[in-house]
Amino acid sequence: MKRIIRKVAVLGSGVMGSRIACHFANVGIEVLLLDIVPKELTAAEQGKGWTIEHKAVRNRIVNEALQSALKSNPSPIYRQSFASRISTGNFDDNMKDIAACDWVIEVVVENLKIKQHIFEQVEQYRKPGTLITSNTSGIPIHQLTEGRSEDFIQHFCGTHFFNPPRYLRLLEIIPSQHTDPEVIRFLSGFGKRVLGKSIVICKDTPAFVANRVGVFGIMDIAHLVGPLELTVEEVDKFTGPVIGHPKSATFRTSDVVGLDTLVHVANGLYENCPDDEARDLFQPPAFMDKLNQNKWLGDKTKQGFYKKVKNEQGKSEILALDLNTFEYRSAQKVKSATLEMVKPITDLKARLKVLVTGKDKAGAFYRASFSGLFQYVSNRIPEIANDLHQIDDAIEAGFGWEIGPFKTWDAIGVKEGIKMMEAEGKKPAQWVTDMLAAGHESFYKTEKGQSLYYDITSRSYQIIPGTEDIINLDALRAEHTVFKNAGVSVIDIGNGILNVEFHTKMNAIGGDILAGINKAIDIAEAGYKGIVISNNGANFSAGANVGMIFMMAVEQDYDEIDFTVRLFQKTTMRLRYSAIPVVVATHNLTLGGGCEICLHADKVVAHAESYIGLVEFGVGLIPGGGGTKEFAVRISDAHRPDDVDLNVFREKFLTIGQAKVSTSAHEAFDLGYLRPGIDEVVVSRELLLSEAKAACLRLADAGYQQPVPRTDIRVMGQQALGIVYVGANSMRSGNYISDHDQKISEKLGFVLAGADLSAPAMVSEQYLLDLERKAFVELCAERKTLERLQSILNGGKVLRN
């Protein structure tokens with residue numbers, strides 16, 4: 001049967017339930033969110049004369065939970081207006097309404113009897129064939145359906161979302177032995193394409209995959225604290241970004257999640273995994289027990305491994321817990337020769353290989369923790385998952401690791417990893433030894449543009465399931481790169497499409513990237529259909545190379561600044577006016593120059609988590625790579641004879657002047673960075689490049705025609721400029737902005753207005769680019785601009801001679 005999800009019921013509106021509801025609303029699906037009826041009135045309700053039968057009372061719990069979610073930061077919803085897709089109700093009055101739903105998701109408290117009671121009610125009202133799933137994080141799936149009908153059981157499985165569901169990509173799907181395989185296939189495809197999730201099919205074992213391995217990792221590290229005499233700060237320094245893990249690392253993560261939650265899961269694993277060789281590690285060490293007893297649970301109790309206080313100067317300070325004295329003290333800077341040794345190594349895999357050779361405490365820590373982790377994950381196959389890539393996928397998507405345990409092991413080297421493990425008194429599962437004996441020396445490899453994993457059952461390499469339709473730049477880079485310099489790789493991704501990949505720090509745009517883009521256009525115009533600009537970095541681009549601009553400004557080399565800005569403008573204009581279509585695929589930070597590249601593309605295919613903005617105002621400049629010009633163009637294109645043009649002008653001016661950054665790709669439409677009907681949003685990060693390539697091919701195959709540079713841009717001159725000058729002067733008089741801010745505002749307004757023309761006029765793009773460049777160079781000569789640039793380069797601290 002063809003299954004379509006039009007409406008979803010979410011049963012339970014707690015932290016997870018309300019946010020799951022928001023994410024379904026994010027992707028355009030109608031949601032019915034239900035929860036229990038309150039048992040008594042509040043004082044405010046009594047004061048209004050309401051009874052327990054009043055609708056507002058009966059829906060109070062669900063409505064307050066939803067509003068709390070919508071007000072939370074980071075937001076669970078792409079755009080606040082999307083919340084209108086969520087309707088609320090309660091179990092007593094509205095359970096009957098699930099008959100109109102295509103999928104019912106249970107997200108109530110982790111109590112088997114309560115869940116079974118809810119499913120008994122669901123059985124009464126659901127229509128046959130409706131999907132029913134539970135967001136349980138650990139209750140055995142088969143126990144949840146006791147007493148349910150055959151149709152219910154066949155359409156039931158676990159769907160374990162990770163919190164927050166908008167941001168964490170993992171969705172664990174846990175079938176029972178009775179679940180219809182077609183249900184699992186549908187949910188896997190829907191979860192990936194529509195919800196943007198990384199799907200891991202789990203076995204019905206305690207804590208499933210991600211939490212089983214992730215909690216082991218945390219507890220194993222906790223047990224290393226004593227033997228290695230580690231501090232809280234050292235653990236978090238050693239287990240953060242340096243090894244490709246989130247900044248919250250280990251103990252900060254515990255504070256965010258709540259130590260009680262962590263210990264609860266660990267205790268559950270200790271009780272329910274009697275045959276686990278590492279079972280004793282799930283029992284908390286003494287310092288965790290003491291924290292629990294003291295109710296120092298983390299953020300929820302205002303103190304845990306860290307504590308935020310006001311110091312004597314009234315400024316906020318983060319204190320760290322001394323695990324020996326159990327007193328809080330100022331956080332200490334971690335010093336390590338091993339960490340110093342790897343500072344110049346930007347490649348994570350190369351860095352990991354060096355970290356385990358360290359001679360100090362850090363090196364000892366890495367050898368011990370990685371050895372324990374490698375032994376543990378190798379022993380979990382086939383207990384919790386059949387294939388090794390499932391463990392990596394779960395940890396990467398659920399815990400935010402850049403590379404999972406087996407990829408980490410590959411980076412160190414499988415043979416080298418085993419030698420390290422043996423020195424630490426550990427050993428891998430037998431299948432790893434057998435793999436090496438058969439001549440297979442890694443868990444992963446690439447072949448013909450595909451990523452392959454070692455399949456234990458067949459003892460051969462297989463394509464990772466679900467990646468057949470994913471374009472993998474890592475797998476293509478070695479054999480399909482047609483041009484490369486220090487900042488760019490131009491890769492043939494098939495079907496006549498080139499991909500331009502940035503690989504500078506933060507993908508900051510400098511001369512190499514500009515040269516690479518121009519070279520890619522040369523190559524494409526000579527024999528390809530089109531270009532996609534996309535990369536695998538943490539961010540699409542954090543903007544132009546501020547350090548380069550700063551150095552030229554310090555040297556007062558304004559001719560060089562003019563040349564550099566002119567090159568940037570020529571590059572963005574070439575994107576706009578090349579003979580082939582250009583599609584830009586954005587993700588995460590897309591700021592400044594990165595945004596300007598988007599503004600000049602034929603089409604932007606943006607990942608939903610794209611944070612797009614022109615932020616130059618914050619460093620004392622205006623957008624100089626065509627961004628200010630492009631906003632003037634869009635002001636002109638919005639002109640209607642019966643509209644008030646100045647309202648559009650004011651809106652665009654404030655977007656740049658307040659350095660507004662979208663909190664999602666959808667919000668980027670509201671801010672004018674993306675264009676309705678032209679640009680589009682993709683929820684799946686894995687499919688982003690594939691979708692961008694398909695969009696580029698559609699443009700090419702439709703008979704793409706090289707555009708003609710525009711000379712029909714309507715600017716308002718003094719009519720608009722007067723508003724800018726009056727507004728900036730008023731803000732300065734009220735001390736809301738500085739003298740320098742006033743100057744930047746006036747420069748920005750001057751360009752957007754097309755200069756101080758006495759009447760509205762039609763001008764060319766080049767005319768506006770010349771105004772933009774002149775204003776940019778003049779602002780680079782301002783001392784305040786230099787101070788702001790210097791502040792950015794020094795982590796927010798302004799250095800003065």
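Predicted model: local features only at pLDDT ≥ 70, side-chain atom pairs only at ≥ 80, totals over all residues.

**Helix 6**
- Helix 6 covers residues 112-125, and its 14 residues should span 20 Å at 1.5 Å a residue; the end C-alpha atoms are 21 Å apart, which agrees.
- Asparagine 111 caps the N-terminal end of this helix, with a side-chain oxygen 3.0 Å from the backbone nitrogen of lysine 113.
- Which residues of helix 6 are buried? They are Lys115, Gln116, Ile118, Phe119, Gln121 and Val122.
- As background, an α-helix has 3.6 residues a turn, so residues three or four places apart point the same way.

**Helix 10**
- Helix 10 (residues 210-228) has 19 residues, and the distance from its first C-alpha to its last is 27 Å, close to the 27 Å expected at 1.5 Å a residue.
- This helix is mostly covered, with 15 of its 19 residues buried.

**Aromatic rings**
- A pair of aromatic rings is described by the distance of the centres and the angle of the planes.
- How many aromatic pairs are there? The count comes to 30.
- Take phenylalanine 406 and tryptophan 431: their ring centres are 6.0 Å apart with 50 degrees between the planes, and the pair is tilted.
- Phenylalanine 406 sits in helix 19 (residues 405-412) and tryptophan 431 in helix 21 (residues 430-437), so this pair ties together parts that are 25 residues apart in sequence.
- Both partners are tucked away: buried means under 20% relative accessible area, and phenylalanine 406 comes in at 0%, while tryptophan 431 has 10%.
- For a stacked pair, look at phenylalanine 649 and phenylalanine 653, whose ring centres are 6.5 Å apart and whose planes are at 10 degrees; planes under 30 degrees apart count as stacked, so this pair qualifies.
- These two phenylalanines are four residues apart in helix 28 (residues 645-657), which means about one helical turn separates them.
- Phenylalanine 649 and phenylalanine 653 are both buried.
- Ring pairs also build a cluster, and its members include Phe238, Phe365, Tyr366, Phe406, Trp409 and Trp431.

**Isoleucine 403**
- You'll find isoleucine 403 in the loop between helix 18 (388-399) and helix 19.
- Is isoleucine 403 buried or exposed? Its relative accessible area is 9%, so it counts as buried.
- Isoleucine 403 and isoleucine 243 are 160 residues apart along the chain, yet their C-alpha atoms are separated by 8.9 Å.

**Arginine 60**
- Arginine 60 belongs to helix 4 (residues 60-71).
- With a relative accessible area of 15%, arginine 60 is buried.
- A polar atom of the arginine 60 side chain lies 2.8 Å from the backbone oxygen of glutamate 40.

**The cavity**
- Rolling a probe the size of a water molecule over the atoms shows where empty space is left.
- The count comes to one cavity of 30 Å³ or more, and the largest cavity has a volume of about 30 Å³.
- What lines the largest cavity? Its lining is made of Ile635, Ser636, His639, Asp645, Arg714 and Met716.
- By class, that lining has two nonpolar, two polar and two charged residues.

Technical notes
Residues numbered from 1 in each chain as written. Heavy atoms only, no water. 1 Å grid on protein atoms, 1.4 Å probe; cavity = no way out; pocket = protein on both sides within 12 Å on 5 of 7 lines; lining within 4 Å. Points joined across faces, edges and corners; volume = space filled by probe spheres on them. Nonpolar A, V, L, I, M, F, W, Y, C, P; charged D, E, K, R; others polar. Expected span 1.5 Å × (residues − 1). Buried < 20%, exposed > 50% of the residue type's maximum accessible area, 1.4 Å probe, protein only. Polar contact = N/O pair within 3.5 Å; in protein donor to acceptor, adjacent residues only side chain to side chain. Phe/Tyr/Trp six-rings, centres within 6.5 Å; stacked < 30°, edge-to-face > 60°.
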